[in-house]
Amino acid sequence: MKFETIVTGAGLAGLTAAIRLAEAEQKVGLISAGHSALHFCTGSFGLLGFDSAHKAVEHPIEALADLADAHPYKKIGGASLEGLADEAVALLNRAGVKTAGSARENHTRISPLGVLRPAWLTLENMATLEALKSLKRPHVVIAGIAGFLDFYPRFIAATLEKEGIKCDIVTVDNADLRNLRKSESEMRSANIARVLRGEALVHFAESVYDAVSTSEPEAVILPAVVEAAPAVFEGIVGRKVLFAPTVGVSVPGIEIHSRLIHRFTEAGGRLLNGHRVTGADFDGDRLTAVYTDRLDDDALYADNFIFAAGSFFGRGLTATPDEVIEPVFGLDTAAPAERDGWFTADLFGVQPVMNAGVAVDDSFRAMRSGVPVRNLYAAGACIAGADSLHNDSGAGVAMLTALAVADKIIK
């Protein structure tokens, strides 16, 4: 099977690159092993939330200049970063992922545990501090669901009240969720979302109305356990409705992933779902073909390849007792040489191993035995030099490097 470009990994980086190439009318194959980290997305995206000293960043584009030279953003260059950030927003919009926010100024999202954190983009129907402070009256009701343990109204209320927002807390009991409540393990966001559709969604909105009717809030905050449907709730509840993220598998994350997959296939891309790359053929400094566990000895050929399989979580990287390796292509990695240098005693501090990743040249071509592979590019969390967890920059690194790589291939 022959493609113009094959992308390995269907997380945010892989999907972004694949969509960009498919929209440019390339024949693109996207190899997906299964669920990605997008399924845990809170509904917000970070470009650069914290600097190297872990101080909150207000203006991401301005702060990028202070990053270490090894950071992937530095390979893109300051002049291109802002344009790529705008291009990322446009791509999400084309996929039906509607967001609010700007690369020029971070806003404040609310984490599942009620912590306020900087964000680049947030889904339009999700609660942010700015959206709540724009209400005519600073009074909201936070509505939990009986038996649902992955949502923490009291934590969120404690944070918002420090910001001058009055919070009432209520619990919604809904008959349609009774079967799920028989087992705590079943009372999870994705399972609730599967139940709350059609008439059940209307019944749930009516239950919310009953729960908040004794109060006079300006808005209602609900756990993000339904597919985007604020109009249904606002029509019944009679108040503005916003959603807050939950712990664990995320309904907004699943929806974002689904919309991006749909956009890719709509643009003509070919999804190889449930495939894991097991081997590859090289001809000197070129990658010629890859193999997957579901195609036996049938090779997948392409002119160009993009490695976007993620870091340790996505199994794009593997840590042995002695080194960090890329296990499939045998690519060079950059990581602290000694195991003792991987971590620091400060649990919440910078952990050097989190900067580990695939070594790339200035064009994001992956290195192998000290030589760049001419037609194999890396994108996203697999690239060395970005501690996306510490800097809260994972989405930005994923999308901007993916777009930069896709544009190099197109040109």
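Start with V247, which sits in the loop between strand 11 (240-244) and helix 10 (251-266). Keep in mind that this is a predicted model. Is V247 buried, exposed or partly exposed? Its relative accessibility is 31%, so V247 counts as partly exposed; buried would need under 20%, and exposed over 50%. I will come back to this residue.

Now the sheet that contains strand 11. It is an open sheet of 4 strands, ordered 9-8-10-11, and the pairing is parallel. Strand 9 (166-172) and strand 11 are at the edges, each with a single partner strand, so one side of each has no neighbour in the sheet. From one strand to the next, the twist averages 25 degrees.

Within this sheet, 7 bridges pair strand 8 (residues 139-145) with strand 9 in the parallel sense.

Next, the helices. Helix 6 (residues 153-162) packs on the sheet and touches strand 8, strand 9, strand 10 (219-223) and strand 11. Its direction makes about 170 degrees with that of strand 9. Helix 8 (residues 199-212) lies across strand 8, strand 9 and strand 10, at about 130 degrees to strand 9.

There is also an open sheet of 3 strands, in the order 3-7-4, with antiparallel pairing. Its edge strands are strand 3 (44-45) and strand 4 (99-101). Strand 3 is joined to strand 7 (residues 121-123) by 2 bridges, and F45 stands opposite L121.

Finally, back to V247. Together with L113, V115 and F155, V247 makes a nonpolar surface patch of about 330 Å².

Definitions and conventions:
Residues numbered from 1 in each chain as written. Predicted model: local features only at pLDDT ≥ 70, side-chain atom pairs only at ≥ 80, totals over all residues. Heavy atoms only, no water. Pairing = 2+ DSSP bridges. Patch = residues over 30% accessible without salt bridge, like charges linked within 9 Å, V, L, I, M, F, W, Y side chains within 5 Å. Areas by Shrake-Rupley, 256 points an atom, 1.4 Å probe, with all protein chains shown as cover. Salt bridge = Lys/Arg side-chain N within 4 Å of Asp/Glu carboxyl O. Buried < 20%, exposed > 50% of the residue type's maximum accessible area, 1.4 Å probe, protein only. Axes fitted to C-alpha atoms, helices over the stretch in contact; angles between N-to-C directions. Contact = heavy atoms within 4.5 Å.
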